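Please look over the sequence and the model shown here before reading on.

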Amino acid sequence: MTTNHNDMFADAARDVLADQCTPHVVRAIEAGGRTAGATAALWAQLEATGLADALLSEADGGAGLGLGQVFGVLEQCGAHALPLPLGETMVARALLAQAGVARPAGCIALARGERLADGGLRCALVRSGQVAAAVLVQAGTAWRLLGTGDAQATPQALALDAALAWTAAQVQAAPAVAVDGALDVRTLQAAVVAPPMAGALSSVFQRSLQYANERQQFGRPIGKFQAIQHQLAVMSEHVFAARMAAQLGCSGAGVVPERLRVATAKARCSEAALVVAELAHAIHGAIGFTEEYDLQLFTRRLHAWRQTAGSEAYWYGVAGEALLQHPGMTLDTVRRITDVDAVL
Amino acid sequence: MSTLDSLTLTLTRIPAQDEALRAEVRAFLAEATRDMPAHIRARSWSGYSTAFSRQLAAKGWIGITLPQEYGGGGGRSAFARYVLVEEFLNFGAPVGSHWIADRQSAPLILKFGTEAQKQFYIPRVCRGEAFFCIGMSEPNAGSDLASVKTRAVANDQGFVLNGQKIWTTNAHHCQYMIALVRTSGTTEDRHKGLSQVIVDLSLPGVTVRPIEDLSGDSHFCEVFFDNVQLGADALIGAEGQGWAQVTAELAFERSGPERLYSSIVLFDQWLDYVRTPQGRTESARQLAGKVLTQLAPLRAMSVSVQENLTQGASPIVEAALVKELGTTLEQMIPAAIAEDLFARDAEDVPVELLLTLKYVTEASPSFSLRGGTRDILRGMIARGLGLR
Ligand SMILES: Cc1cc2nc3c(=O)[nH]c(=O)nc-3n(C[C@H](O)[C@H](O)[C@H](O)COP(=O)(O)OP(=O)(O)OC[C@H]3O[C@@H](n4cnc5c(N)ncnc54)[C@H](O)[C@@H]3O)c2cc1C
């Protein structure tokens, strides 16, 4: 069973993130990218916990955990708006170890790329491309590990992201990574993005609840007004459902997620992100709209994660296709998603 | 502080010995519902068939969680019942006759009843012979249940009952009602002085009048009590404990599969159409996925609430969350399917699908009324969050 309590990995993550991934640090990393002192310092702290290697087998120096067992860790990343791709690094390192490829220092982003006619490689959008040290790129069926330091980088719409390109010579020099042909990078990334979304959703909800109890208008806390109570009730429903969905997507004893469960997780968390962010801002009034108030670190990130590794529309399509391919009752497909064997 | 952390969100799997029931139930239901059109199956727990209930009883599928000594299934786990109910609803089996007796009344009698009450009522429920209805609502006591006025006044033979109940599902088909009534005090006393009594609906002074609903069905009723003489053994549980008993009862009512699947027969039938070459469109595929990705986490939540109930916890807030989200999805399905179908050319869409859509569309307002309205549930969640 995966629970919040009795999860020493999640506790370890919570401790280090509460200490080291403060709102101040998050802002510094978002502003400074890879070269900011805060980026290197925070990653060094995370590296010291060993969590980034948790999915590696014990023979490879890891903890031999499966995705289902690191859900709590990934959730904590979201609860602290961690601006570094820890989940992506965890699965990337496990795939590298399995393929016998040496693991680079620093954090690793995941991305889709395309080979160019001249032999170069280009990723139009690398999430966390501004802070990662390397990218594990899937181009067609070929996977390659490429460094970000000498890539040609162009800024993208969001602060942490970048478009990256490598020359033919750089691609030649980069190690190819043998990965199961059925795996696609979007599924892998969505599986590890949904749990931080669940964590951030929960954090946004807790902040809104606390604010509703503190903020006074008309002589009483706004949480005493039925309209606000109902908004918080609706938020809690989405937070609860999204967390359940994220657990489904991130279940299993191995590193490779199950695609239909990931579709459920990512679609449901993205849907919740929209509702919860909107309600949180409504409840907070003008103060929540300011840069200096920390709520925005979570709601902006929720929007960014919603756009990462496939929005609802993409995953609805995947889930809908699975449903249409299975003749008979929807219940069968629902059971295929929800009947997860307990881990831990 | 963190209130949501106290909500239990653990993924739970239905135990294998309970899952094992599924194949047999399915085989039975596939046969039993084969000739029923979808727009009839869509009624499911509003559907009414004593013959069907008797068949289920013969299989041991009514009262499966109740002790053998009272004719039950030997106290099998709540998950065994979960599997049964889930299959009943997904096939759209007409389970309305025994539904309330199996879900609420017999467990209530087992928990609070006297030995004589248990021996009299529970075996009859399990044989599919005694059906119950719930007499909580009154014309002026809907959401505000504590203001019930129907009164049972003690006399030398037991109690004399006077008053009126309303919206009582299937009262015209049932032998018994468990009614929430005032046995002492006044409506100002709110929760105090309320008790539950079992009313034999064949007694003199009881009048049952079906009310037609907007879809033309008559499944709920007005029930009038005019000097109805009840025996002393009509009282269930302790005098004055009615409020506590009712609250416990409602937690069971709210989190079950019936809050997820009211539109599932329609959805499955629509999917069958979308699977055909002329039915398949990209927007339909998207909608199918949207429903699936909402339904699956909800089912996981509902199973997890069931696990909590099994462990003896009282997950009132979690149950309210599941019901609120579940009924919202149940109501979204017919609305979205209508949007899909009526963007197409009319000649492409099967009439049986439209008949089912008509019924579910018309029934859907009730999904978020019965068992407590949306606003009442949100209020309960807010209380659970410490806001009240
Ligand atoms: C199909 C169906 C079957 C039913 N079966 C049964 C049955 O078998 N037995 C039985 O006893 N009852 C039954 N009911 C009755 C049901 O429980 C009530 O309809 C329900 O509790 C609401 O009460 P009401 O209809 O009087 O609405 P009201 O209580 O008058 O509510 C009207 C509106 O006001 C809102 N409202 C009321 N109070 C508040 C508040 N404090 N805060 C915010 N909003 C509020 C409600 O949410 C609702 O939107 C059934 C109802 C339906 C539709």
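This is a predicted model: local features need pLDDT of at least 70, side-chain atom pairs count only at pLDDT 80 or more; totals for chains, interfaces and linings use all residues.

Residues are numbered from 1 along each chain as its sequence is written, and side-chain values use heavy atoms, with hydrogens and water left out.

If a salt bridge is taken as a side-chain nitrogen of Lys or Arg within 4 Å of a carboxyl oxygen of Asp or Glu, the count over all chains is 42. One of them joins the side chains of E75(A) and R243(A), at 2.6 Å from N to O. Because E75(A) belongs to helix α4 (residues 67-79) and R243(A) to helix α8 (residues 226-249) of chain A, the pair ties together parts that are 168 residues apart in sequence. E75(A) is buried at 6% relative accessible area, and R243(A) is buried at 9%, where buried means under 20%, exposed over 50% and partly exposed in between, with a 1.4 Å probe and protein chains only.

In chain B, E362(B) and K358(B) form a salt bridge of 3.0 Å, N to O; both lie in helix α12 (residues 351-363), 4 residues apart, about one turn of the helix. E362(B) is partly exposed at 25%, as is K358(B) at 43%.

The second largest cavity is lined by residues of chain B, among them W61(B), R81(B), F88(B) and D102(B). By class, this lining has 6 nonpolar, 1 polar and 2 charged residues, and α5(B) gives the most to it, with 4 residues.

Methods:
Chains are lettered from A and ligands numbered from 1 in the order in which they are written. On a 1 Å grid over the protein atoms alone, a cavity is a set of points where a 1.4 Å probe fits but cannot get out, and a pocket is an open set with protein on both sides within 12 Å along at least five of seven lines; lining residues have an atom within 4 Å of a point. Helices (H or I, at least four residues) and strands (E, at least two) are DSSP runs, numbered from the N terminus. Ala, Val, Leu, Ile, Met, Phe, Trp, Tyr, Cys and Pro count as nonpolar, Asp, Glu, Lys and Arg as charged, and the others, Gly among them, as polar.
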